[in-house]
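Visitor: I would like to learn how to read a protein structure. May we examine one together, step by step?

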Amino acid sequence: MSNRRSRQSSSAPRISDDQMIDLVTKLRQILPEIGQRRRSDKVSASKVLQETCNYIRNLNREVNNLSERLSQLLESVDEDSPEAAVIRSLLM
């Protein structure tokens, strides 16, 4: 653990404990699964970070799926139509 910290401190500015607490609190508020829990429920910072990673992975999957669906839809419409222009703008 100390080896990991020493590598991080040399390449990035150190985040204070107060900043870390603030960031974890903000993440708790935006994560659907954790945000729905009662305020009194204790959730560890590592759990919040793990849920954040899972949430970002899920969002990334959704974006990829929607992009794929839009690409398929674009193939099925006339490429000079207004619908095709809207789909292309969404894919950009």
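Visitor: Is Leu23 buried, partly exposed or exposed?

Guide: This is a predicted model, in which local features need pLDDT of at least 70, side-chain atom pairs count only at pLDDT 80 or more, and totals for chains, interfaces and linings use all residues. Residues are numbered from 1 along each chain as its sequence is written, and side-chain values use heavy atoms, without hydrogens and water. Buried means under 20% relative accessible area, exposed over 50%, and partly exposed in between (1.4 Å probe, protein chains only). Leu23 has a relative accessible area of 41%, so Leu23 is partly exposed.

Visitor: In which helix is the place of Leu23?

Guide: Helices are DSSP runs of H or I with at least four residues, and strands are runs of E with at least two, numbered from the N terminus. Leu23 lies within residues 17-30, which form helix 2.

Visitor: How many helices are there in the protein chain?

Guide: The elements run α-α-α-α-α from the N terminus on. The protein chain has zero strands, and its helices number five.

Visitor: What percentage of the residues of the protein chain count as buried?

Guide: The protein chain has 92 residues. By the cut-off already given, the share that counts as buried is 13%.

Visitor: How far apart are the end C-alpha atoms of residues 49-76?

Guide: An unreviewed UniProt entry annotates residues 49-76 as "coiled-coil region"; UniProt positions are given in the numbering used here, feature names are shortened, and annotations may be inferred rather than shown by experiment. In the model, this stretch is 100% helix and 0% strand. Its end C-alpha atoms are apart by 41 Å.
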